[in-house]
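Please walk through this model with an eye on its side chains.

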Amino acid sequence: MIDKFDIVHSLYNAATVGYDNVNNKWTAEDKDGNSIDVVSTAVDAEFAKQEYKNKREIEYPYWGVQLDYIYHNGIDKWKTDIVDPVKKKYPK
């Protein structure tokens, strides 16, 4: 599952990330320990763009179930019955 900490790491190439609940702001540092100014609206916007990944992960059956489905029905049937409906429901 992707979370906002992952987003801050990726947007700002941050080595460490935290969230200050008292001041409601992100804290981050680069690999040299320098403070990074994190823009919360940018984090929220990027998270909203990538949240489909979390929704898809929740929607897909357990991977073992999917492998069993592939074994008994083939990859094409798995794509049409499992993969395509989830991707259609939660597009990029």
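This is a predicted model: local features need pLDDT of at least 70, side-chain atom pairs count only at pLDDT 80 or more; totals for chains, interfaces and linings use all residues.

**Charged pairs and aromatic rings**

E59 and K89 meet through their side chains in a salt bridge, 3.4 Å from N to O. E59 belongs to helix α2 and K89 to helix α4 (residues 75-89), so this pair ties together parts that are 30 residues apart in sequence. E59 counts as partly exposed, at 33% relative accessibility.

Residues are numbered from 1 along each chain as its sequence is written, and side-chain values use heavy atoms, with hydrogens and water left out. A salt bridge needs a side-chain nitrogen of Lys or Arg within 4 Å of a carboxyl oxygen of Asp or Glu. Buried means under 20% relative accessible area, exposed means over 50%, and partly exposed lies in between (1.4 Å probe, protein chains only). Helices (H or I, at least four residues) and strands (E, at least two) are DSSP runs, numbered from the N terminus.

A search of the whole structure finds five salt bridges. Among them is E46 with K49, where the closest N and O atoms are 3.2 Å apart. Both residues sit in helix α2 (residues 40-59); they are three residues apart, so about one helical turn separates them. E46 is buried, at 18% relative accessibility. K49 is exposed, at 56%. Another bridge joins D32 to K31, with the closest N and O atoms 3.6 Å apart. D32 is exposed at 56% relative accessibility, and K31 is exposed at 71%.

Now the rings. The whole structure holds three aromatic pairs. Y19 and W26 make one that is edge-to-face, 4.8 Å centre to centre with 70 degrees between the planes. Rings of Phe, Tyr and Trp (its six-membered ring) pair if their centres lie within 6.5 Å; planes under 30 degrees apart are stacked, over 60 edge-to-face, and the rest tilted. W26 is buried at 10% relative accessibility; Y19 is partly exposed at 33%. Y62 and W63 form a tilted pair, 5.5 Å centre to centre with 40 degrees between the planes. Both Y62 and W63 are exposed. F5, Y19 and W26 form one aromatic cluster.

Last, the chain start. M1 lies in the segment before α1 (4-12). M1 is exposed, at 56% relative accessibility. Leaving aside residues up to four places away in sequence, M1 touches D6, N54, E57 and I58; contact means heavy atoms within 4.5 Å. M1 and I58 are 57 residues apart in sequence and 8.9 Å apart in space, C-alpha to C-alpha.
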